[in-house]
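This report sets out a reading of one protein model, to be followed with the sequence and the coordinates at hand.

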Amino acid sequence: MNNFLLIGGDKRMEVLYKTLLSKGIEARHIGNMKDLTAFSDYGCYSNVILPLPVSKDGRRIFSADGDFDLSFEKLAENLLSIQRVFAGNLHGRLRALLDSKKIEYSDMMLDEGFLEANAYLTAQGALRLLLENTEEYIVGKKVLIIGFGRVAAALAALLKAVGLDIYIAARSSSQLRRASCLGYKTVKLSNIGAYICFFDYIFATVPSKVLSADDIALIRDDCVYFELASAPFSAEEADFKLKSKKYVTGAALPGKYLSTAAGRLMADYILQFISAEKE
């Protein structure tokens, strides 16, 4: 029998939990420290679902409850080899602990279909973030998107559709050619300093530092920079503060703005995985 224990997370996990219950599936959600302290029945569940991302500090399972304290080691200690773990962005240290106990796991963020759908949710969240951080009429404004992976491509299509003028900056020649074929203007990332002063909004999606302090100094004072990349990020927030430039963090946008859609996406992935396994 497939039943599910959900641990930690944010509103996405609450939606996932309710979705499982609505389908008549046995599930339990341990989302706060009070419930965690009183809980010990890990072995009663064939499947354990961890949040997306699984951790924000590289040591503990993430939860919207700031007091939630479940270390990777404590979790692994309570799990059994007969159980399966579902997670998003499964941390390497936790993966090693699961491997040591021969516990099967599946990382949603390694599934192409899930990644594509999540990219569109992130793009929609980024548009919401933009609208929250400007009082300007955005149609016709110039936007620089740094990188052209899944999230950047989804974001470019969405922003173009609502009337913004899109420029793509990337290291990869193939990404620049693809962006150009889709009708976007392109800029070589190595030459970004010569162009960065022209933009009203900048969205960064590359998880490595690509903007220097000198580049940031050239950004217009009225430009808003949105950091959508995961650590180590495309630029240092401290460099923006030092130059009095506008910096907005865009972490976990599906969870922040689209928790219902994101939770259902997680449920679809897990239920399809279970269904495929039965076939």
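## Basis of the model

The structure is a predicted model, and local features are reported here where pLDDT is at least 70, while side-chain atom pairs count only at pLDDT 80 or more.

## Helix α5

Helix α5 runs over residues 112–132, and its 21 residues should span 30 Å at 1.5 Å a residue; the C-alpha atoms at its ends are 30 Å apart, which agrees with that expectation. At the start of α5, a side-chain oxygen of D111 comes to within 3.2 Å of the backbone nitrogen of G113.

The buried residues of α5 are F114, L115, N118, A119, L121, T122, A123, G125, A126, L127, L129 and L130. An α-helix has 3.6 residues a turn, so residues three or four places apart point the same way. Among the buried residues of α5 are F114, N118, L121 and G125, which can be followed along the helix with that spacing in mind.

## The largest pocket

The largest pocket has a volume of about 1100 Å³. Its lining is made up of 39 residues, of which N89, M109, L228, A229 and S230 are the closest to the centre of the pocket. The elements that contribute two or more residues to this lining are α5, α6 (150–161), β11 (246–249) and α10 (253–257), and α5 gives the most, with four residues.

By class, the lining of the largest pocket divides into 20 nonpolar, 13 polar and six charged residues.

## The second largest pocket

The second largest pocket holds about 180 Å³ of space. The residues that line it are N133, T134, E135, E136, K141, D200, Y201, R220, D222, C223, V224 and K246, and they comprise three nonpolar, two polar and seven charged residues.

K141 forms a salt bridge with E136, with the closest N and O atoms 3.9 Å apart, and E136 counts as exposed because its relative accessibility is 52%. R220 forms a salt bridge with D200, where the closest N and O atoms are 2.6 Å apart. Since R220 lies in the loop between α8 (213–217) and β10, and D200 in the loop between β8 (185–188) and β9 (201–204), the pair ties together parts that are 20 residues apart in sequence. R220 is partly exposed, with a relative accessible area of 25%, whereas D200, at 15% relative accessibility, counts as buried.

Most residues other than glycine have a negative phi, and most peptide bonds are trans. Against that background, a cis peptide bond joins L52 and P53, with omega about -5°, and P53 is found in the loop between β3 (47–49) and α3 (72–78). A cis peptide bond also joins A231 and P232, with omega about 10°; P232 is placed in the loop between β10 (224–227) and α9 (237–242).

S244, although not a glycine, has a positive phi of about 55° and sits in the loop between α9 and β11; with a relative accessible area of 59%, S244 is exposed.

## Other salt bridges

The count of salt bridges in the model comes to 15. One of them joins D10 and R12, whose closest N and O atoms are 2.9 Å apart, and both D10 and R12 are buried. Elsewhere, D57, R59 and R60 are linked in a network of salt bridges.

V15 lies in helix α1, which covers residues 11–22, and counts as buried at 16% relative accessibility. The C-alpha atoms of V15 and S259 are separated by 7.2 Å, although these residues are 244 residues apart along the chain.

How values were computed. Residues numbered from 1 in each chain as written. Heavy atoms only, no water. Expected span 1.5 Å × (residues − 1). Buried < 20%, exposed > 50% of the residue type's maximum accessible area, 1.4 Å probe, protein only. Polar contact = N/O pair within 3.5 Å; in protein donor to acceptor, adjacent residues only side chain to side chain. 1 Å grid on protein atoms, 1.4 Å probe; cavity = no way out; pocket = protein on both sides within 12 Å on 5 of 7 lines; lining within 4 Å. Points joined across faces, edges and corners; volume = space filled by probe spheres on them. Nonpolar A, V, L, I, M, F, W, Y, C, P; charged D, E, K, R; others polar. Salt bridge = Lys/Arg side-chain N within 4 Å of Asp/Glu carboxyl O.
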